[in-house]
Amino acid sequence: MQEVVELIRHVQATLMVYGKYQVLFYLALFYLLFKQNKKSDNQKEQIGVLIYMLVGLILLWNPLFVAAIIHVFPQFASYWQLLWVLPMIGVIAYAGTLVLAETKEYTKKKSWWIYLSIICVIFSLAGTIMPYESETVKAADNAYGIPTRQMEVLERLDEEKGTITLLAPDAVMGVARRYNGATKTLYGRTLWSTSVPKDAADAYEEADYKLYALMQEPTGHEEEITKMAAERGCNYLVISNGTIEQEEAEVPRDPNAIVDLSVDGNLWCLHGFQLLDETECYYILRR
Amino acid sequence: MSKWILCGAVLLIVPTLFGSLWNKIWKLKITTVADVFVPGLFLLFCFFEATTVLSMKLNWKLSRTVFLDSCLLLVLCGVACMLCQKELRQIFIINPIKRITIKKVILAVFFLLQITVIIHFAPVVQEDNTMEVIQTNLTTDTIGMYNPMTGQAYQSGPTLESKLLITPVFYSCIIQIFHLNPAEFLYRMIPVWILFAGYLVYWLLAEQLFIGKGEEKQDKKVVFMILYACLLLFGDYLFTMLPYRLFHCGWMGETIVVAIVLPFVLSQCMQLKQNIEQKHGFEKYNVVFNLLLACVTVIPLMDAERGFMYLAITLAIAVLTLLIVKIGGKAGTRVCRRS
């Protein structure tokens, strides 16, 4: 129960940190509660909306109720999903409309537009002018939402004829089939991500997990990776040249740390794999 | 360009026709496009659910399913056009956008700005595999035979849950019919379509929230929509917010349930209450069919357990509200009588 209370508190606090729509929502409820226009035709509807939201809040803030939901439906461990049941934005807009209707009775037409503008400015200050930018929401490089660096690899592979069975770092493996359904992969996003829906009752084999683990630290495992890839029918292998890893580690670019496959006797040209092409961050080998 | 316009027109017209037929069958009120478009949208999803389940049972290819769907859609739209002429005339001729006002222009500007957000920002796909399923369906010309994550043929087969979720198949069919770019269609056109449907649902809510007639009510509804649009535009500040879902995950079934089905259920509960008080006979309860349709629509859109939980909580709160209002009303009447 303590965990549920903490969960509710954490979600409410997070909602208040990033924006103030929660504040507008509570102000809207106060308005509906204390400033009902008894002469209004819509008094019944105002009362109905108010009671609906209060009942909803009492239920969804109630740790017992939330604990019961989470116990019966573990998928609802994300408490904030339950809050979607309450049309918070609709209620704020409703209260705002009633406020504007009231001001219309007492002001001139031009002043009403000023009040509408003020309300819109308040909404923009309570929210955000620019959408929520984070690791998951970024400006689109292309319609697929695939970052440019991975897109270069996929567009290069698109030029190849025949069936492609691909083994690549996660960043490429995770988007390959989004770009082209004809590209087969040795394993998919469901192997490393629990949040992607599991469409298949098929389970991955132990070899898939081993290959995945090797691909996380490929340096020193060239022989094993190329051997397993060749045995599993892989005909295209993509490996990182180290650029992205250096950027993520936030270290100064060290040319010596970048893998250079263009030299003779490079360690990846085993079991039939030969260097096909290179992009900004990746080498593409073909068997 | 022309195929995009044609696809857009079909995505607007087909739900409208389906909805008109539905409303005619159950003698539901039609005053605006929203009254027919939203139920029509649900019917479209249910229609594709039925044909997809049939196709999967018969192991039909995607192209054959598309052919069946196209033929049936044409027939149903033809029937709707013939039987619902009066209703369609009422929506599009008698009650059109009577005049363009500054407020409606402001609303349109907000809508266009939201479309810009949808196009400018990358879709959020970390927890979604719709595009992989679509690409698999289109490449292999099958439904549910190949693992979308690897492209290999299923050994154990898809889960029951993924068999019932038809949004990827629905999108695949439309892409194949019009030969569209899957990414542009899924990540740009569909979110705009769902956003538009979201506006229509809130228009239905506004119809219930502002009782009255004529210009004043119409004016309040437009103002409500302007404020709703403004809140949507500036509300994308956290992944838990509805605007985030609409702008960055608009194609997902869960977004459709949260942004369209739940508000629709609310508006129909309010309509039902009004009908019980004011109407007679069958028209008292005919809105129940819309509620049933909304409940059934959850199955093809998202994981049924979670979907029904959303519905159950919404309906429970609505019923409790109705009881409290009734008890409060009776108590108030008794106090008045005593005094």
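In this predicted model, helix H5 (residues 102–120) of chain B packs against helix H9 (residues 182–209) of chain B at an angle of about 150 degrees, and their axes lie 10 Å apart. Because angles over 145 degrees count as roughly antiparallel, H5(B) is described as roughly antiparallel to H9(B). The two helices cross in a right-handed sense. On the side of H5(B), the contact is formed by B:Leu107, B:Phe110, B:Phe111, B:Gln114, B:Ile115, B:Ile118 and B:Ile119. H9(B) contributes B:Tyr187, B:Arg188, B:Pro191, B:Val192, B:Leu195, B:Phe196 and B:Tyr199. Sorted by class, the residues of this contact are twelve nonpolar, one polar and one charged.

H12(B) and helix H13 (residues 287–301) of chain B pack at an angle of about 165 degrees, with 9 Å between their axes. This angle makes H12(B) roughly antiparallel to H13(B), by the rule that places angles over 145 degrees in that group. The crossing of H12(B) with H13(B) is left-handed, whereas that of H5(B) with H9(B) is right-handed. Among the residues of H12(B) in the contact are B:Gly253, B:Glu254, B:Ile256, B:Val257, B:Phe264 and B:Leu272. From H13(B), the contact takes in B:Val287, B:Val288, B:Asn290, B:Leu291, B:Ala294, B:Val298 and B:Leu301. The contact of H12(B) with H13(B) comprises 13 nonpolar, five polar and one charged residues.

H12(B) supplies the largest share of the lining, with four residues. H12(B) therefore takes part both in the packing with H13(B) and in the lining of the largest cavity. By class, the lining holds 21 nonpolar and three polar residues, and no charged ones.

Note on methods: Residues numbered from 1 in each chain as written. Chains lettered and ligands numbered in written order. Predicted model: local features only at pLDDT ≥ 70, side-chain atom pairs only at ≥ 80, totals over all residues. Heavy atoms only, no water. Axes fitted to C-alpha atoms, helices over the stretch in contact; angles between N-to-C directions. Parallel < 35°, antiparallel > 145°, perpendicular 65-115°, else oblique. Left-handed = near helix turned anticlockwise from the far one by under 90°. Contact = heavy atoms within 4.5 Å. Nonpolar A, V, L, I, M, F, W, Y, C, P; charged D, E, K, R; others polar.
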